[in-house]
Amino acid sequence: MSIFSLSLFCFLFVFIFSLIPPFNFLSFAFHQCTYSVSSYSLSLSLFCHLIILLSGGVCIAQSLKIPREPRPGEFDKIILRLLETPSARAIVMFANEDDIRRVLDAAKRNNQTGHFLWVGSDSWGSKISPVVQQESVAEGAITILPKRASIEAFDRYFKSRSLSNNRRNVWFAEFWEENFVCKLGMHGKRPGSPKKCTGLEKVGRDSSYEQEGKVQFVMDAVYAMAHALHRMHRDLCSGYPGLCPRMSNIDGKELLGYIRNVSFNGSAKTPVVFNENGDAPGRYDIYQYQNTNRSAEYRIIGHWTDHLHLNIDAMQWASEDHAVPISVCSLPCQMGERKKVVKGVPCCWHCERCEGYQYQASEFTCQLCPYEQRPDRNRTGCQPIPIIKLEWHSPWAVVPIFIAILGILATTFVVVTFVRYNDTPIVRASGREMSYVLLTGIFLCYFITFPMMAAPGVAVCSFRRIFLGLGMCFSYAALLTKTNRIHRIFEQGKCSVAAPRFISPASQLVITFSLISVQLMGVFVWFVSDPPHTIVDYGEQRTQDPGNSRGVLKCDISDLSLICSLGYSILLMVTCTVYAIKTRGVPETFNEAKPIGFTMYTTCIIWLAFIPIFFGTAQSAERMYIQTATLTVSLSLSASVSLGMLYMPKVYVIILHPEQNVPKRKRSFKAIVTAATVTNKLSHLASERPNGEVKTELCESVDNSTASTKTTYVSYTNHAI
């Protein structure tokens, strides 16, 4: 086989396997020859390996040499070597027909019938001898032969040859003996020898005859040489008859140039031309050895003339389901998996799934989806992450809303009761103006639940910023003003009988709204510096499983902004608690200092529980639900404590015991202060002395104080301090 034929054959089977996807991992078995550097085996090494590497997509698992003189068991060793790479089932063989037959026989002995897919060169072609009695193991073999035509003129000539008219061919007598199974000369008379040739035998009549497939090419080669010499003689000899002196000693390179330039129609009426490398165009028929119900035969499944024509549907395989056998190092990766190629073996790879938020960008790479997207189900692309928000029907919303509705109804009932009984002693004694401010704050604490649960938008986010801390600010600004007033009155009474400044209802309102204005000013600065808007937080519910990830639609209120918004109200609450502690010794018959104290203690406990719950769930997947529910419930509970401890007892008396809603006797400012002082002293002495001594000293102290009391009074109706 020429270098051109070999390289063309390599191209052929690379193209064939490129059309049959399950074939890309092959083994080679070729005959070890004793030819020159351009020998058959070296041509294979230099051309087939190079062509396969350059073409890509097909890899060589093994290259095995068939010894020129194989020892017994050599072909069994070759089969066992081929089985070392069992996934490489396609075997390309460059060998003569005897070696092909012995390889097939070894595969049959080792029970590998149907395992290998054989690919043979034109040395196998469509010959019967390699597959005789080995039809099952050779089934599905793919071979090639140069496209050829039978030359009828040669048949007529060769059939007319006989011993008498073909004496010039010194090998013809040997052919005659082998073809007719006879012997020429005296050997035919010996006992046991074949019959004697008569010389009257006729080719094609007394023996089988089939034209050799390469006759066409031999004839074309002779004609090519003749055409080249004819043109060379015409150019160099210029009509000189016979061999002119110019052609008597010609250069081989010059003759080669004439050969490459010939162009004529050959013996099969096909063009005979050569390219710049001196190669003729390749024309091949592609065969497959197929078993049918009747017999086994070679069938043409395609051909090559300038490009490959392959009829996949005409191919037949040894498997029962007629499926194309697989000869691959690695199976194709699934969708969403990338190939990690084994170094040096491009047909072998490991499939690695694109993990996390990665998708399969190409056959060999995974890429990370954009932050707001996640891989689709097959991981072949990205899709937007679903956006969620707190829904009204969510259990995290139903409970806070239920508490808020109850609180709003209760607050409305208290306000209506106070308005209706606005001039009664209990309402007047509780400080009507400050009570309405405090009730407004309580109402806002309940009301903020609804903007917190509503779908985020610019308007909703604006309401959240305004009212989130405003309700608490109203409540605790009013309570702080009240406790501060009580503290200042009794502190002033220890030094003087004169009333302290700014204790009138108008002064109390001014102080309260001054404190509230600080909160409103902070909200205004917040609006100016960072206008309210919505964001989609993809990090809050970005789980390890992309299928569970969600984007949370929320207002752009960070934890720091929340702390700042509530921080001022909490500062008022803490300050109010401090004043409640300072006024804890005031007699309960004079004012509501003790209920305020209990209110503040309970409120502090609520918010101390809120802090770890709110900030401890910052990494939870349910963060939005837990924090929103915790915040709104804490606000509602704070409002409920204030409403229950400060106003429900008054409403109870107003509605159910109106007989207690009557004016009390007036007491002087000095009397009130004296009573508070005595009570404080009593508490102090009770911890140091026996009960009898305390009582005696207390009575003496009260008598002395009463004797020295001046006649100037500052009266407070119904103890409304």
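Trp176 and Phe180 sit together in helix 7 (residues 172-180), four residues apart, or about one turn of the helix. Helices here are DSSP runs of H or I with at least four residues, strands are E runs of at least two, and both are numbered from the N terminus. This is a predicted model, in which local features need pLDDT of at least 70 and side-chain atom pairs count only at pLDDT 80 or more, while totals for chains, interfaces and linings use all residues. Residues are numbered from 1 along each chain as its sequence is written, and side-chain values use heavy atoms, with hydrogens and water left out.

**Aromatic rings**

- The rings of Trp176 and Phe180 form a tilted aromatic pair, 4.6 Å centre to centre with 50° between the planes. Rings of Phe, Tyr and Trp (its six-membered ring) pair if their centres lie within 6.5 Å, and planes under 30 degrees apart count as stacked, over 60 as edge-to-face and the rest as tilted.
- Tyr289 and Tyr298 make another tilted pair, with 4.9 Å between centres and 55° between planes.
- Trp176 and Phe180 are both buried, and Tyr289 and Tyr298 are both buried too. Buried means under 20% relative accessible area, exposed means over 50%, and partly exposed lies in between (1.4 Å probe, protein chains only).
- Ring pairs also link Phe154, Phe158, Phe172, Phe175, Trp176, Phe180 and Tyr209 into a cluster.
- The structure holds 17 aromatic pairs.

**Charges over rings**

- Lys339 lies over the face of Trp349, 3.8 Å from the ring centre. The criterion is NZ of Lys or CZ of Arg within 6 Å of the ring centre and within 35 degrees of the ring normal.
- Arg542 places its charged end over the ring of Tyr357, at 3.9 Å from the centre.

**Two buried side chains**

- Ser207 is in the loop between strand 7 (195-196) and helix 8 (215-237). Ser207 counts as buried because its relative accessible area is 13%.
- The Ser207 side chain makes a polar contact with the side chain of Asn179 at 2.7 Å. A polar contact is a pair of N or O atoms within 3.5 Å; within protein, one must be able to donate a hydrogen and the other to accept it, and residues adjacent in sequence count only if both atoms are side-chain atoms.
- Leaving aside neighbours within four places in sequence, Ser207 is in contact (heavy atoms within 4.5 Å) with Asn179, Phe180 and Lys202.
- Thr483 belongs to helix 15 (residues 470-495). Its relative accessibility is 1%, so Thr483 counts as buried.
- The side chain of Thr483 reaches the backbone oxygen of Leu480 at 3.1 Å. Not counting residues up to four places away in sequence, Thr483 touches Cys576, Tyr579, Thr583 and Ile596.

**Strands and a helix**

- Strand 11 (residues 296-305) and strand 12 (residues 307-310) pair in the antiparallel sense over four bridges. Two strands pair if DSSP finds at least two bridges between them.
- Those two strands form a hairpin with one residue between them, and Asp306 in the turn has a positive phi of about 75°. Gly302 has Leu310 in strand 12 as its bridge partner.
- An open sheet of three strands runs in the order 19-21-20, with mixed pairing. Strand 19 (387-388) and strand 20 (534-541) are its edges, each pairing on one side only.
- Strand 20 and strand 21 (residues 550-555) run antiparallel and are joined by five bridges. Thr534 has Cys555 in strand 21 as its bridge partner.
- Helix 16 (residues 505-529) has 25 residues and should span 36 Å at 1.5 Å a residue, which agrees with the 36 Å between its end C-alpha atoms. The expected span is 1.5 Å times one less than the number of residues.
- Buried residues in helix 16 include Thr512, Ile516, Val523 and Trp526.

**Positive phi in loops**

- Asn111 has a positive phi near 55° and is found in the loop between helix 4 (97-109) and strand 4 (117-120). Asn111 is exposed, because its relative accessible area is 68%.
- Gln133 has a positive phi near 60° and sits in the loop between strand 4 and helix 5 (135-138).

**The whole chain**

- The chain has 22 helices and 23 strands, and buried residues make up 43% of its 721 residues.
- Among contacts between residues at least 6 apart in sequence, 66% join residues at least 24 apart.
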